[in-house]
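Visitor: I am new to reading protein structures, and I would like to learn how to look at one feature after another. Could you take me through this one?

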There are 4 protein chains.
Amino acid sequence: MKIADLVQSADWKAEKHVPVIDAPAQAKAGEKVTVEVCVGKEIAHPNTTEHHIRWIKLYFKPDNGKFAYEVAAFEFAAHGESVEGANKGPVYTEPFGKAVVKLNVSGTFVAEAYCNIHGLWEGSKAISVEE
Amino acid sequence: MKIADLVQSADWKAEKHVPVIDAPAQAKAGEKVTVEVCVGKEIAHPNTTEHHIRWIKLYFKPDNGKFAYEVAAFEFAAHGESVEGANKGPVYTEPFGKAVVKLNVSGTFVAEAYCNIHGLWEGSKAISVEE
Amino acid sequence: MKIADLVQSADWKAEKHVPVIDAPAQAKAGEKVTVEVCVGKEIAHPNTTEHHIRWIKLYFKPDNGKFAYEVAAFEFAAHGESVEGANKGPVYTEPFGKAVVKLNVSGTFVAEAYCNIHGLWEGSKAISVEE
Amino acid sequence: MKIADLVQSADWKAEKHVPVIDAPAQAKAGEKVTVEVCVGKEIAHPNTTEHHIRWIKLYFKPDNGKFAYEVAAFEFAAHGESVEGANKGPVYTEPFGKAVVKLNVSGTFVAEAYCNIHGLWEGSKAISVEE
Ligand SMILES: [Fe+3]
Ligand SMILES: [Fe+3]
Ligand SMILES: [Fe+3]
Ligand SMILES: [Fe+3]
């Protein structure tokens, strides 16, 4: 069995689990680039103690390289848990993350998201970097 | 030895390791609140393969509760490492994170940041929530 | 507010949240040392979708140094969650971790554990390293 | 681009990056099962500030289910970094992890490992659970 068998993909406009990457299509080498990732951009995903998005990881695969780099990991840790019971807690973290990165070459961002009951999902976005 | 002996604090305007929390001073219960955290707001911290900010964790301590909740964790994973050697890689992640949260009660955000060679640092910010 | 105000300590024989560190009292510089950490060594902690130990982090503070190093982080990710509902899932991860490390100097391990509803807890253990 | 394009697989006896899973082939439902994961079982992987295994994640895919569950994540955080420079620090974490889990059904463990310069690698192992 492979990771490829575990990670699901779909159209994010129709499937609420798919991570969406918002990043510019072009950037200059070495300048700061803002990359936002989220799950549920079109259709909100539940955020309860029993069912929630736990994390999103962001990778970058350079066009000129063989290997992927992990860029950032966002853990969404609070989902209403509390000593009074499930969904009675004071804080909920939404499945949204934002990173600031510097790139030297063109490549593709790949995001991986994890729902605690619906498993792994992915999305990607290319970025062209002017060297 | 205690965690308290390991975590350092200082004025973020003078010390580049201190995590700064940007969040509104007031919010309404259940509405989405944006919380930004960063290290090096006034004085930039190095971002090299050998020396960088690895992560920031964000906690929330409700005024009416005894225990702290982890809200989010941000891992800054890329620091120029590559097969060509240190600081020759295609991507650097800056020590910046942004979370979107919903709160039900007033409390205090506490951020903890980790520099891979200068250890643990902290900062905090209170938020008043209208129930 | 400080991290020190958030992290609780107690006798692990009486309080089920306290992380316990099992490591040798002595080691030789550069040899592999096994370090085990767990929560609930004497009194088991619940492991349910609503209440569980989420993670343990392990730090090392060298006697001759000012700063602490993160050694390892263990995330306990599965707690019976499933599409059939809470506590009906196929897998539960117990709050146990084991790391293998090499040390060059004497110091103290500090473990930090997080219960999703009872917050942060700590424990520590010194190790003498023959250089 | 897909996660499947980023994760590499190979024979762990010949390729030092492949995570190896040591777990029993059979277990009883609800009993504690020990699962060990490591990189470099046959051929050691470097462990330096510039080149090291950063983490291993462990997933479980039940035979009777569609989705994968994250079981545990192991972060190997220390690789000789220090204020004196790269590879002069007091602690190195080896790419080894051990989890204790309870399973209710048969399935397959899948491990994913990340080298900071050689990217993502995977391995898997099935386990039969007597219900
Ligand atoms: Fe879901
Ligand atoms: Fe620093
Ligand atoms: Fe607890
Ligand atoms: Fe490698």
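Visitor: Which residues does Phe109(A) touch, not counting residues up to four places away in sequence?

Guide: Contact here means heavy atoms within 4.5 Å. By that rule, Phe109(A) touches Ile21(A), Ala23(A), Val35(A), Leu58(A), Tyr59(A), Phe60(A), Val101(A), Leu103(A), Gly123(A), Ser124(A), Lys125(A) and Ile127(A), with residues up to four places away in sequence left out. Please keep in mind that this is a predicted model, in which local features need pLDDT of at least 70 and side-chain atom pairs count only at pLDDT 80 or more, while totals for chains, interfaces and linings use all residues. Residues are numbered from 1 along each chain as its sequence is written, chains are lettered from A and ligands numbered from 1 in the order in which they are written, and side-chain values use heavy atoms, with hydrogens and water left out.

Visitor: Which residues have the most contacts inside the largest nonpolar core?

Guide: In soluble globular proteins, nonpolar side chains tend to be buried together. A nonpolar core is a set of buried Ala, Val, Leu, Ile, Met, Phe, Trp, Tyr and Cys residues joined through side-chain atoms within 4.5 Å, where buried means under 20% relative accessible area, exposed over 50%, and partly exposed in between, with a 1.4 Å probe and protein chains only. The largest such core has 152 residues, and those with the most contacts inside it are Phe109(A), Phe109(B), Phe109(C) and Phe109(D).

Visitor: Which atoms coordinate the iron ion (ligand 1)?

Guide: Donors are N, O and S atoms within 2.8 Å of the metal (3.2 Å for Na, K and Ca), and water is not among the atoms, so sites may look incomplete. For ligand 1 they are NE2 of His17(A), His45(A) and His51(A), SG of Cys115(A) and ND1 of His118(A), at 2.1 to 2.4 Å. Along the chain these donors follow the spacing H-x27-H-x5-H-x63-C-x2-H.

Visitor: Why does His45(A) count as buried?

Guide: His45(A) counts as buried because its relative accessibility is 9%, and His51(A), with a relative accessible area of 12%, is buried.

Visitor: How many bridges join strand β2 of chain A to strand β4 of chain A?

Guide: Strands of a sheet pair through backbone hydrogen bonds, either parallel or antiparallel. Strands (E, at least two residues) are DSSP runs, numbered from the N terminus, and two of them pair if DSSP finds at least two bridges between them. Four bridges join β2 (residues 19–22) to β4 (residues 32–39) of chain A, and these strands run antiparallel, with Ile21(A) opposite Val37(A). β4(A) also pairs in the antiparallel sense with β8 (residues 96–103) of chain A, over seven bridges, and there Val33(A) has Val101(A) as its bridge partner.

Visitor: What area is buried between chain B and chain A?

Guide: Buried area is the accessible area (1.4 Å probe) that two parts lose on being put together, summed over both. Between chain B and chain A it is about 2700 Å², of which carbon and sulfur atoms give 60%. On the chain B side, Tyr69(B), Pro90(B) and Glu94(B) lose the most area to chain A, together 22% of what that side buries.
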